[in-house]
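Here are some notes for a colleague opening this entry for the first time. Please read them with the structure on screen.

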Amino acid sequence: MALENTVFPSRPDSLSLPVEEKGEGEEEVEVATEATTSTGVFNLSEELGHVVTTDTAPSPPPLVKVRRSFQNKLAERQFQATQAQHRKKIVPEKERGRFGWPRRARKRQRYVEKNGRCNVQHGNMRETYRYLTDIFTTLVDLNWRCSLFVFVMAYAVTWLFFGAIWYLIAYCRGDLDHLEDETWTPCVNNVNGFISAFLFSIETETTIGYGHRVITDQCPVGTMLLLLQAILGSMVNAFMVGCMFVKISQPNKRAETLVFSKHAVISLRDDKLCLMFRVGDLRSSHIVGANMRAKLIKSKQTQEGEFIPLDQTDISVGFETGDDRLFLVSPLVISHEIDAHSAFWDMSQSQLEKEDFEIVVILEGMVEATGMTCQARSSYLAEEVLWGHRFSPMMSLAEGFFDIDYGAFHHTFEVDTPSCSARELSLAAARLDAHLYWSISSRLDEEPTLTNQAAKQPDSCSANSKVGEPTFIVGEMTDIQEQSGLGELNGSVATDQSESEA
């Protein structure tokens, strides 16, 4: 259905029809009182007032005549254009690939995950026999699924192996052929098949001894086999139980309660830039002899052109002063002072955003409950180092104890921090110290001149002095000066006339 020369309610003002002016700069426009929803699609023809719809439009609402001046309408359009510009978000254009597709930002591959797992896999290892030389450590390092499988198979294989030997002895001696012969003395009583021989093997190795199947003194081979199975069974028990005990008591799970902050921060401490991160222990049982270390993982190229991937550099966290040895009762903030020996000496805030490195932090200590050494690890990428931030305090004094709020463990807040590097900050401080030094020395040089001027001033005023007042004569000291010591207070020394004039 075509509707010509009609007013479309949702048509913008830029497409409105020209109207005849009525009055002084005023125009009459028909405006709908209520907004209506129209599902029809309209097209604008060459003539601006002609609107064509493809679907049937609902009946138009009653119209109300509103008078608006041309200036008000122009101001309204300008205001709408200004609001549209403010609402428009400027999105930076993504880097395009070879075929024009937006290229994803390359994610930095971690060397050590946040949970402490080292993201390294060993491949193309040809000397795999070396794992068998240390079979105990190999079994301990296996996951739980493989460890349980090895544990079950170790006992099942030994039971089956010795059960087969016991059955073979009974078969070779003919004990299976004389089961009903009461005068026959078998090697093992009541062994009439492989199942009974297997049960006798289990009873022998586990020292159960039900008493129904027993070995007789008429079988020396059986006696030797009984001794061998008892010895080997004890060895298997000791080996497998030892592996399971070590695996259960591994201190790896103890490291789950040693937490590191999600971010590291850089801010001022005692007028020096410091790299800081927070570490805490969630358990009430403490880590004995806790020691903190930090490494900077960053690829570099030597002066000879050699490329060293993932080069490791030590980050001092107080090794020289002993601050790396922690008393980890409450969460602590570990600080690295950025000095001339630091790897961050020339790094500013703008350069930090462009760098590609990883900071690995390692906490080692002895578990108080088991006495085993525990190690907890974490890492921080360049984008996880916040410049100009500081950790929020989390300790408060309660009634009779100190309360630790672990809800603020990862919280940081911004502080005033210069965006320059530590080198530039040190040079600025050195220039300030030099300026103060020379300004003080110049003032000290000016003091003798001021003293001489103060000494000449009383001499010029002595003629105008009143009777009865003390006189100050250069080269002599009156009694009043000797008593009060005005010469010493003024910093002047009584000399003769020639010396004072010189």
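1. Start with helix 4 and helix 6, whose axes come within 11 Å and cross at roughly 175°. An angle over 145 degrees counts as roughly antiparallel, so helix 4 and helix 6 are roughly antiparallel to each other. The residues of this contact divide into 20 nonpolar, 5 polar and 1 charged. Bear in mind throughout that the model is predicted.

2. Helix 6 also holds phenylalanine 245. Is this residue buried or exposed? Phenylalanine 245 has a relative accessible area of 58%, so it is exposed.

3. How many disulfides does a search of the whole structure find? The search finds 1, and it joins cysteine 187 to cysteine 219 with an S to S distance of 2.2 Å. Cysteine 187 lies in the loop between helix 4 (144–173) and helix 5 (194–205), and cysteine 219 in the loop between helix 5 and helix 6 (220–248), so the pair ties together parts that are 32 residues apart in sequence. The torsion about the S-S bond is about -75°, so the disulfide is left-handed. Cysteine 187 and cysteine 219 are both buried. Cysteine 118, by contrast, counts as partly exposed, because its relative accessibility is 40%.

4. The loop between helix 5 and helix 6 is also the place of threonine 207. Phi of threonine 207 is near 55°, a positive value in a residue other than glycine. With a relative accessible area of 65%, threonine 207 is exposed.

5. Next, look at strand 6 (residues 264–269), which has pairings with two strands described here. With strand 14 (residues 385–387), strand 6 runs parallel and is joined by 3 bridges. Within that pairing, alanine 264 has valine 385 as its bridge partner. With strand 7 (residues 272–281), the pairing is antiparallel and extends over 5 bridges. There, arginine 269 stands opposite lysine 272.

6. What separates strand 6 from strand 7 in their hairpin? There are 2 residues between the strands, and aspartate 270 takes a positive phi near 55° in this hairpin. Aspartate 271 is placed in the loop between strand 6 and strand 7. Phi of aspartate 271 is near 65°, again a positive value in a residue other than glycine. Aspartate 271 is exposed, since its relative accessible area is 67% and the cut-off for exposed is over 50%.

7. Serine 348 deserves a separate look. This residue is found in the loop between strand 11 (332–337) and helix 7 (349–352). Its relative accessible area is 14%, so serine 348 is buried. Which residues is serine 348 in contact with, leaving aside its neighbours within four places in sequence? The contacts are Trp387, Ser419, Cys420 and Ser421.

8. Last, the chain as a whole. Its secondary structure comes to 11 helices and 18 strands. Of the 502 residues in the chain, 27% are buried. Among contacts between residues at least 6 apart in sequence, 64% join residues at least 24 apart.

Notes
Residues are numbered from 1 along each chain as its sequence is written. This is a predicted model: local features need pLDDT of at least 70, side-chain atom pairs count only at pLDDT 80 or more; totals for chains, interfaces and linings use all residues. Side-chain values use heavy atoms; hydrogens and water are left out. Two strands pair if DSSP finds at least two bridges between them. Helices (H or I, at least four residues) and strands (E, at least two) are DSSP runs, numbered from the N terminus. A disulfide is a pair of cysteine sulfur atoms within 2.5 Å. Buried means under 20% relative accessible area, exposed over 50%, partly exposed in between (1.4 Å probe, protein chains only). Axes are lines fitted to C-alpha atoms, for helices over the stretch in contact, and angles run from 0 to 180 degrees between N-to-C directions. Angles under 35 degrees count as roughly parallel, over 145 as roughly antiparallel, 65 to 115 as roughly perpendicular and the rest as oblique. Ala, Val, Leu, Ile, Met, Phe, Trp, Tyr, Cys and Pro count as nonpolar, Asp, Glu, Lys and Arg as charged, and the others, Gly among them, as polar. Contact means heavy atoms within 4.5 Å.
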